[in-house]
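Dear colleague,

Please find below the structure I am handing over to you. My findings follow directly after it.

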Amino acid sequence: MLRIPINERENWQEMATDYGFHFHTMYGERYWDERAYYQFTLEQIERDLEDPTEEIQQMCLSVVERVIHDDEYLHRFCIPEAHWDLVRQSWLNGDPSLYSRLDFSYDGKSPAKLYENNADTPTSIYETGFWQWLWLEDQVQAGKLPKQADQFNSVQEKLIQRFSELEYLTPSRALHFSCCKDTPEDRGTVQYLEDCAKYAGLSTDFVFIEDIGHNELGEFTDMDDAMITWMFKLYPWEFMLREPYAEWLQKNNVRFIEPPWKSLLSNKALLPMLWKLFPNHPNLLPAYFEDELNQANPTQTLVKKPIFSREGANVSIIEAGTHTPIVGSEGPYGEEGFIYQAHHPLPRFGESYSLIGSWLVGDEAAGISIREDEGPITQDMSRFLPHVIV
């Protein structure tokens, strides 16, 4: 695994605008960064990332099966009791999933270590599935990369195939796509997924989260008063289950992507549960609920994570034995409680710490994304860099 500098394409910003990649630069800072790329061998991809990704996915599904049958664990996962049946039935009904992203620390030598599962509202799918592939094609054509250079990236074709499968399971329903207003990255992500769905032959529509209403029967409706019966929402379940309209969720005949049971996998309580069920697995880090910290190695530096944290918010690295923060990030999370995970630093290439996101479409590994930052905690403005297999 190498980080290799390369010249940028001269016109990439104009191309990004033409292709609708409007968030390549945010708040005056680079988000997409093609001044370098990461290079892997095929063995590193297949043995160290692809295979563990699919194995961990099955382990995560085992956690869901365990948690939905245990009220104590549903409490630990901070699922509101009023919605336990919603989550349970979603799992028992076999409601299908579209995609997920597992975040790993991986240096190209040691086993990849799971940081978390972004299973409900993972972003950066457009950059992974389309934009970095276009970069690869352009750089090979320009002679800046060898002709045999490849990429671990079947995201787009797998998404299209998965949408076809989901339409077969949910026939005769238009699929509404939705995200919040004033979120360019989310809007770009949702537009890309909607394009994939259209390519698969689905009938689609779009509505902002803030514009969804309901009629006198409690049925959710869009701005044209059309009933919503199937919806992709880039909006977390932990928010949805606490909104005023949450009481209507179980009373509607709506199928969601992602389904309610994914609330158990996008939840940091997943990490100590994985360690309970699969202790000492080579791709897992020891992790504990707050009342189980006595089980942790007292000499082990820990990472304190809110159960519902996103984009690295409210995460802190704490000193072994003292709980004194060494470094941390700010944010709005933490009221729901925390879990603790053994500290396993991200590998550092030059001045940057690098995190790998390994994508699943359905239960199949589909590709990777790489984010890097000058700090050890990957956050929403961490840069996205492309990769190649040589």
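In helix H9, the buried residues are Leu270, Leu271, Pro272, Met273, Leu274 and Trp275; buried means under 20% relative accessible area, exposed over 50%, and partly exposed in between, with a 1.4 Å probe and protein chains only. H9 spans residues 270-277 and is mostly covered, six of its eight residues being buried. Helices (H or I, at least four residues) and strands (E, at least two) are DSSP runs, numbered from the N terminus. The cover over the buried residues of H9 includes H2, helix H3 (71-76) and strands E6 (113-118), E13 (287-289), E14 (302-306) and E17 (338-342).

Please note that this is a predicted model, in which local features need pLDDT of at least 70 and side-chain atom pairs count only at pLDDT 80 or more, while totals for chains, interfaces and linings use all residues. Residues are numbered from 1 along each chain as its sequence is written, and side-chain values use heavy atoms, with hydrogens and water left out.

I turn next to the nonpolar cores, each a set of buried Ala, Val, Leu, Ile, Met, Phe, Trp, Tyr and Cys residues joined through side-chain atoms within 4.5 Å. The largest has 75 residues, of which Phe40, Leu49, Leu249 and Leu264 touch the most other members. Helix H2 (residues 42-67) gives the most to this core, with nine residues. A second, separate core of 44 residues includes Cys179, Trp230, Phe384 and Val388. Apart from neighbours within four places in sequence, Leu249 is in contact (heavy atoms within 4.5 Å) with Leu86, Phe220, Trp237, Met240, Leu241 and Phe256.

The whole structure holds 22 aromatic pairs. Rings of Phe, Tyr and Trp (its six-membered ring) pair if their centres lie within 6.5 Å; planes under 30 degrees apart count as stacked, over 60 as edge-to-face and the rest as tilted. Tyr235 and Phe239 are edge-to-face, because their ring centres are 5.6 Å apart and their planes stand at 65 degrees. Tyr235 counts as buried at 11% relative accessibility, whereas Phe239, with a relative accessible area of 32%, is partly exposed. One aromatic cluster is formed by Tyr19, Phe21, Phe23, Tyr31, Trp32, Tyr126, Phe130, Trp131, Tyr192 and Phe384.

Yours sincerely
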